[in-house]
Amino acid sequence: MKFAACYSYRASQPGLPHRERGVALITAVLVVAIAAIIGTSMMSRQNFDTQRTTNIIHRDQAVAYALGAEHWAGAELSRDALNNDYDHLAENWAYELPPLPIDGGYISGRLQDLQGRFNLNSVLDPIQAERLVRLCQSINVEPDFIPALQDWIDEDTELRDNGAEDESYTLLDPPYRAANRHLADTSELLLVRGVSVEDYNSLIFFVSALPENSPINVNTASARLIQSLAPDIAAPDVERIIALRADSPYQKVDTFVEDRAFAGKELSESFLGVSSSYFLLTADVVLGDASFTLQSVLRRAPEGRITVMQRRFGSPRERILTQYENNPELTNLNERS
Ligand SMILES: [Ca+2]
Ligand SMILES: [Ca+2]
């Protein structure tokens, strides 16, 4: 305003030459323009700061809501442990938490039984290895990587037939070595020789990475996993078992093994069970423009005590994968055969 006033004063002087009046006019216009640019920049910066602060607050709130969902899931599993000593898909924990409105968004969540999947860390057992071969074949994944997975997990560095120890990995760029211990997470599969990203994306829906002695829960196992338990199990038999267990969940493994579907198949009871200790919680929180997914692996001790084994702060891709995982068509035995 001061410069504008100055211009106004000088321009009104009848004695000023025409050229000077022109320079004064341009100077004044420039000053006004610069002031406008600075003002706009400051407002933009302020808006950006406000938005950033809002996002940070929303994210912190979303984390707090997701941890609340984790607490709820643990309490639900502890309650369940008091009810019975077997676990099935009609129990309260197995029902999805529908989107619940919260201030400025919503939260949803669900628990999945990780023992309803094939435990990759049990693959050193010959019976389990054969089951994994059949499972891979049923989802069009080449099972050639299994000896390499066994070498990855076993403690020694002796190469088994078609396996892969350090020498297969140290020449890679970047080089690394075989873990010679259990998988800490299913994503570690991607480091094992012979496992492609496509293989991993297909397997991820059916496998877990749990302590080696965690049995498969026959009450929650997917249709494909049940079919892979022994050779030549007919798809209609698997569908009948799944319908049967929905009405009357198995309370003992003996009852499952004695089903006529397995007559003459020499189905081993090894690594089979009717209860579960490991569960995966997926909690989705949408708050304002922020969205957030928490995946937690929960371990339930026999008396019901809950331990959080792993937390993963998810990405949209993981949410898409999980939605895909829930697609009933994926468990249709005829889909890929
Ligand atoms: Ca139960
Ligand atoms: Ca090894």
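Two strands count as paired if DSSP finds at least two bridges between them. Helices (H or I, at least four residues) and strands (E, at least two) are DSSP runs, numbered from the N terminus.

This is a predicted model, in which local features need pLDDT of at least 70 and side-chain atom pairs count only at pLDDT 80 or more, while totals for chains, interfaces and linings use all residues. Residues are numbered from 1 along each chain as its sequence is written, and chains are lettered from A and ligands numbered from 1 in the order in which they are written.

**Exercise 1. Describe the hairpin of β7 and β8.**

- Start with the strands: β7 (residues 278–287) and β8 (residues 290–300) run antiparallel and are joined by ten bridges.
- Pick one bridge: Val285 has Phe292 of β8 as its partner.
- Now look at the turn: two residues lie between the strands, and Gly288 has a positive phi near 60 degrees.

**Exercise 2. Check the length of helix α3, then find which way its buried residues point.**

- Take the expected span as 1.5 Å times one less than the number of residues.
- List the buried residues (20 or more other C-beta atoms within 10 Å of the residue's own, with 12 or fewer for exposed, partly exposed in between, and C-beta atoms placed from the backbone). In α3 they are Gln128, Arg131, Leu132, Leu135 and Cys136.
- Seen down the axis, the directions to their C-beta atoms fall within an arc of 135 degrees, so these residues line one face of α3.
- Finally, see what covers them: the elements include β3 (118–119), α4 (146–153) and α7 (223–227).

**Exercise 3. Examine the backbone at Asn140, Phe271 and Pro174.**

- Recall the background: most residues other than glycine have a negative phi, and most peptide bonds are trans.
- Asn140, in the loop between α3 and α4, has a positive phi of about 60 degrees. Asn140 is exposed, with 11 other C-beta atoms within 10 Å.
- Phe271, in the loop between α9 (253–257) and β6 (272–273), has a positive phi near 65 degrees. With 18 other C-beta atoms within 10 Å, Phe271 is partly exposed.
- Pro174 is in the loop between α5 (166–169) and α6 (197–203). A cis peptide bond, with omega about 0 degrees, joins Asp173 to Pro174.

Technical notes
Contact = placed C-beta atoms within 7 Å.
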